[in-house]
Amino acid sequence: MTVGFFSPLPPARTGVADYSARLLRAMRASGRVLGNQSGDVNLYHIGNNALHGEVYDRALAEPGVVVLHDAVLNHFFLGRFGSAEYVTEFVYNYGPWSEDLARRLWAGRARSAADPLYFRYSMLRRIVERSRAVIVHNALAARLAGEHGAREVHRIPHLFETPVMPPEHEVIRLRERLGVRPSDILFGVFGHLRETKRIPAVLRAFAGARRTHPDMKLLIAGDFASRDLPLSLGEALTSEGVIRAGHLSEREFLLHAAAIDVCVNLRWPSAGETSGISVRLMGMGKCLVITAGEENAEFPEDAVIRVDAGPAEEEMLASFLIWLAANPRRVRAIGARAAAHIRELHSVKRIAAEYWHFLSGCYHEKQSSAVT
């Protein structure tokens, strides 16, 4: 069996590209895998941005197995189509009654990055109906794919590849350079800084918690996805205790990830994605604060800290920040349980084997159908 593997790859600045590069290397240990070339079975990696346009078109033209890294493609179509095409696609998904709603969504698309209404309509029907099977990483994505007509939905956890971590003396030096003392607790936010990562809420909760623990620090690392978001934050982004870093290379990411004590990785509204940042930081043994939701339900209760979305979000987050700052041993224990869970169930070797096994089944089913 030969697998055709279609995905954005590095240096594209997307978590899907990084994921796919790791998976591609690992799958080649099992057999022949062709990068962006057709095989006996094609595997298509789909995300919610323009980088996946060619892969999406190929998946429709030559159906195979689709990996939904995001289970909401509404924003993909908003960025790709004009008004008429968007309305047509929306109606294909939800029926003629939805045409007026589609026009309203198109007209108000400037607020689509944060408005929950745009996340409520996944617009998956065409891709999942056309595909022979759909792979997802969590229960929410599986439910959404099924609701939109997928023939077969298979869950494979997000992968973790054990990184080569920087030496301890470099980590200590970085904390010193950032103005973080050994006794200080350093919280960190990483990744593409979109509205859904709840940066305003994180900054407000941090400011409140810091009145109780003035020695805590907050690192915010990554590029902002829009110009408006950092402008809306005003002085909060440069307030006492907040440390700002831009896009990090892989080595710099590992260095900064090693330097923090707790990762804050909230996401709401959700696009049904399993966060690669969450999996990587947990696998590194870091305590993680995440948004409670169906997409995160499979992480053990004692291996993460969950914050409810909605009115209670800021108060809950501030309370947890205070509690974590006061309990460094608990922070380390939570991180240790997180690492054990991720390394057991999400190892790249195990995940690549699951992909190969599933694709082999699809290949043999295809061969049997051809014979009959």
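**Entry 1: source and conventions.** I am working with a predicted model, in which local features need pLDDT of at least 70, side-chain atom pairs count only at pLDDT 80 or more, and totals for chains, interfaces and linings use all residues. Residues are numbered from 1 along each chain as its sequence is written, and side-chain values use heavy atoms, with hydrogens and water left out.

**Entry 2: strand β8.** I noted that helices (H or I, at least four residues) and strands (E, at least two) are DSSP runs, numbered from the N terminus. I took buried to mean under 20% relative accessible area, exposed over 50%, and partly exposed in between (1.4 Å probe, protein chains only). Strand β8 covers residues 217-221, and five of its five residues are buried. In a regular strand the side chains alternate between the two faces of the sheet.

**Entry 3: neighbours of β8.** Two strands pair if DSSP finds at least two bridges between them. Strand β7 (residues 186-190) pairs with β8 in the parallel sense over five bridges, and F190 stands opposite A221 in β8. From β7 the chain crosses through helix α10 (residues 199-210) to β8, a right-handed β-α-β crossover. Right-handed means that, with the strands pointing away from the viewer, the path from the first strand over the helix to the second runs clockwise. I found that β8 also pairs with strand β9 (residues 242-245), in the parallel sense over four bridges. Together with helix α11 (residues 228-233), β8 and β9 make a right-handed β-α-β unit.

**Entry 4: nonpolar cores.** A nonpolar core is a set of buried Ala, Val, Leu, Ile, Met, Phe, Trp, Tyr and Cys residues joined through side-chain atoms within 4.5 Å. The largest has 36 residues, and L68, L73, F77, Y86, F90 and V128 have the most contacts inside it. Helix α8 (residues 139-147) gives the largest share of this core, five residues. I then listed the contacts (heavy atoms within 4.5 Å) of L68. Leaving aside neighbours within four places in sequence, L68 is in contact with I46, L124, V128, V134, I135, V136 and A145. A second, separate core has 32 residues, including F187, F206, V307 and V331.

**Entry 5: aromatic rings.** Rings of Phe, Tyr and Trp (its six-membered ring) pair if their centres lie within 6.5 Å; planes under 30 degrees apart count as stacked, over 60 as edge-to-face and the rest as tilted. By this rule I have eleven aromatic pairs. Why is the pair of F77 and F81 stacked? The ring centres are 5.3 Å apart and the planes stand at 25°, so the pair counts as stacked. F77 is buried at 0% relative accessible area, and F81 counts as buried at 19%. The rings of Y94 and Y121 have their centres 5.3 Å apart and their planes at 75°, so this pair is edge-to-face. Y94 lies in helix α4 (residues 83-94) and Y121 in the loop between α6 (116-120) and α7 (125-130), 27 residues apart. Y94 and Y121 are both buried. One aromatic cluster is formed by Y86, F90, Y94, W106 and Y121.

**Entry 6: charges over rings.** A charge sits over a ring if NZ of Lys or CZ of Arg is within 6 Å of the ring centre and within 35 degrees of the ring normal. R109 lies over the face of W106, at 4.1 Å from the ring centre. R126 lies over the face of Y92, at 4.0 Å from the ring centre.
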